Amino acid sequence: MRGTHTNRGERGMALVVALLVLLVLSMLALVMMASVSVNRHVAGIDMQRRKALDNAEAGIGEALMRIRNKDVGMVVTNPRATAQIYLALAGSIPVVGTDTTAMGTAQPTGNWLAYSTATKTPNVLTITYKTDPGRTGIYRYDPTQTPQIHFGGTGLPIYEITSTGTAGGTKRTVVTDVASKPVIVNAKGAFAAGMDVNFTGTAAVCGYDHSADTPPDSIGEKGRGSAPDCQPWEVGPGLAGAWSAGGISISGAALTKTEMNGSPDTLSNQTGFYNGPWDMLNMSQSDFASFIGAPQPAPTNIKGLVYVDNDLVMGNQSASAAFHNATGEGMLYVDGDLTLNAGFVYVGLIYVEGNLQLNGTAWILGGLVVHGKTNVTMNGNATVLYSSDAITQKLSQYGGQFTTLSWREK
């Protein structure tokens, strides 16, 4: 009887132990299930955060593309200039203030990433200039100066882009400061030639450095008639007015001959003319070919990086081009002869492999380089004003590359 009683007690204890084990296992299972649920929730939030950040960065990409294409309508003389990109079609864009340009997204319709809004909200994709607190001036980026980022002065304007990406209920905002990547130019003068050059008529050439906003009616240091002189827009000593690997001759009566100014006014019979425009831009020839793009036999639009040629052989001086009453900016590279007639206005750099015939009231701010085959002649009221800023700004702008100066999450 005693043995039987003892066995029943042991069986009772085993049952209690089994129940305790089951209870512990059940609790462990519940904890594990709760942990899996929490991890899944955290993973979902983390995925939404990553998606929101991806959307914000995609917004930065569209903003850079719109700056590159000059869609933003921001002039560098207005520190309050702003551009806003809405997730809206052209007819549904909100009305904005006088300092703001509003536009619809460039994304394909019906497949919009969430990096802006359709209406005015703090989350709309926004581009401004980096300015002082009072928005009276613009910070610029110039890698040749110390410090490279400075208020006013030389260099390229700094853009501040604010992009807010959303995904589910998650929002992430990125603010980045960018500037066009500068193209370093080895300029020799306002006008540089690879052979003898003859200035006739009342041409004006000024090698003092001018600001990029010099108005197109300014002519030389002394002006001419009702046209103002260019001195108020001079920002530095600059270079020679005319530089040549050959001779430089200036003809005409005392009151009508070419006005030549610079530091010095002229440099003739010099050595070291460029092997090509790539040499001037401190590039290899293959890098320059990628930079300038495909040749065009007869372009009508000379805004941007324009390469005029009638074959695919760069530097053989085979092409010929003429422009009348044309306005352009950027870089114009002509692999041959170029004729510029009355009404021609250009801001940036012009490089001509062949001969140049420049007539009438042509006006160039930046630089003009002519290799020449047999002659280089400037007639009439042609004006060339050197501007390192105009060359750098236009080549960097149309070159399409940007330097990121800061990136932060707000």
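This is a chat about a predicted model of a protein chain.

Q: Hi! To start, how many helices and strands are there in the protein chain?
A: Hello! The chain has four helices and 27 strands. Its length is 410 residues, and 46% of them are buried.

Q: What share of the contacts join residues at least 24 apart?
A: That share is 58%, counted among contacts between residues at least 6 apart in sequence.

Q: Is Leu25 buried, exposed or partly exposed?
A: Leu25 counts as partly exposed, because its relative accessible area is 48%.

Q: Changing topic: is strand E8 mostly covered or mostly open?
A: Mostly covered. E8 runs over residues 170-180, and ten of its eleven residues are buried.

Q: Which way do E7 and E8 run, and how many bridges join them?
A: They run antiparallel, and nine bridges join E8 to E7, which is residues 159-167. Thr166 stands opposite Lys171 in E8.

Q: What about the hairpin of E7 and E8, how many residues are between the strands?
A: Two residues. In that hairpin, Gly168 has a positive phi near 65°.

Q: How does E8 pair with E27?
A: Also antiparallel: E8 and E27, residues 402-409, share seven bridges. There, Thr176 is placed opposite Trp407 of E27.

Q: What holds paired strands together in general?
A: Strands of a sheet pair through backbone hydrogen bonds, in either a parallel or an antiparallel way.

Q: Then what is the strand order in the open sheet of three strands?
A: The order is E5-E4-E6, with antiparallel pairing. E5 (149-151) and E6 (156-157) are the edge strands, each pairing on one side only. Between E4 (residues 139-141) and E6 there are two bridges, and Tyr141 has Leu156 in E6 as its bridge partner.

Q: Leu156 makes me curious about Ser396. What does Ser396 touch?
A: Leaving out residues up to four places away in sequence, Ser396 touches Leu156, Ser180, Lys181, Pro182, Val183 and Gln401. A polar atom of the Ser396 side chain lies 3.0 Å from the backbone nitrogen of Val183.

Q: Where does Ser396 lie, and is it buried or exposed?
A: Ser396 is in helix H4, residues 388-399. Ser396 counts as buried because its relative accessibility is 2%.

Q: Now the backbone. Where are the cis peptide bonds?
A: One joins Thr146 and Pro147, with omega about 0°. Pro147 is in the loop between E4 and E5. Another joins Ser263 and Pro264, with omega about 5°, and Pro264 belongs to the loop between E16 (259-261) and E17 (266-267).

Q: Which residues have a positive phi although they are not a glycine?
A: Lys70 has a phi of about 60°, and Arg135 has one of about 55°. Lys70 is in the loop between H1 and E1 (82-86), while Arg135 is in the loop between E3 (125-129) and E4. At 26% relative accessibility, Arg135 is partly exposed.

Q: Last topic: how many salt bridges does a search of the whole structure find?
A: Ten. Among them, Arg66 pairs with Glu62, the closest N and O atoms being 2.8 Å apart. Both residues lie in helix H1, four residues apart, which is about one turn of the helix, and both are buried. Arg66 also meets Asp71 in a salt bridge at 3.0 Å, N to O.

Definitions and conventions: Residues are numbered from 1 along each chain as its sequence is written. This is a predicted model: local features need pLDDT of at least 70, side-chain atom pairs count only at pLDDT 80 or more; totals for chains, interfaces and linings use all residues. Side-chain values use heavy atoms; hydrogens and water are left out. Buried means under 20% relative accessible area, exposed over 50%, partly exposed in between (1.4 Å probe, protein chains only). Two strands pair if DSSP finds at least two bridges between them. A polar contact is a pair of N or O atoms within 3.5 Å; within protein, one must be able to donate a hydrogen and the other to accept it, and residues adjacent in sequence count only if both atoms are side-chain atoms. Contact means heavy atoms within 4.5 Å. A salt bridge is a side-chain nitrogen of Lys or Arg within 4 Å of a carboxyl oxygen of Asp or Glu.
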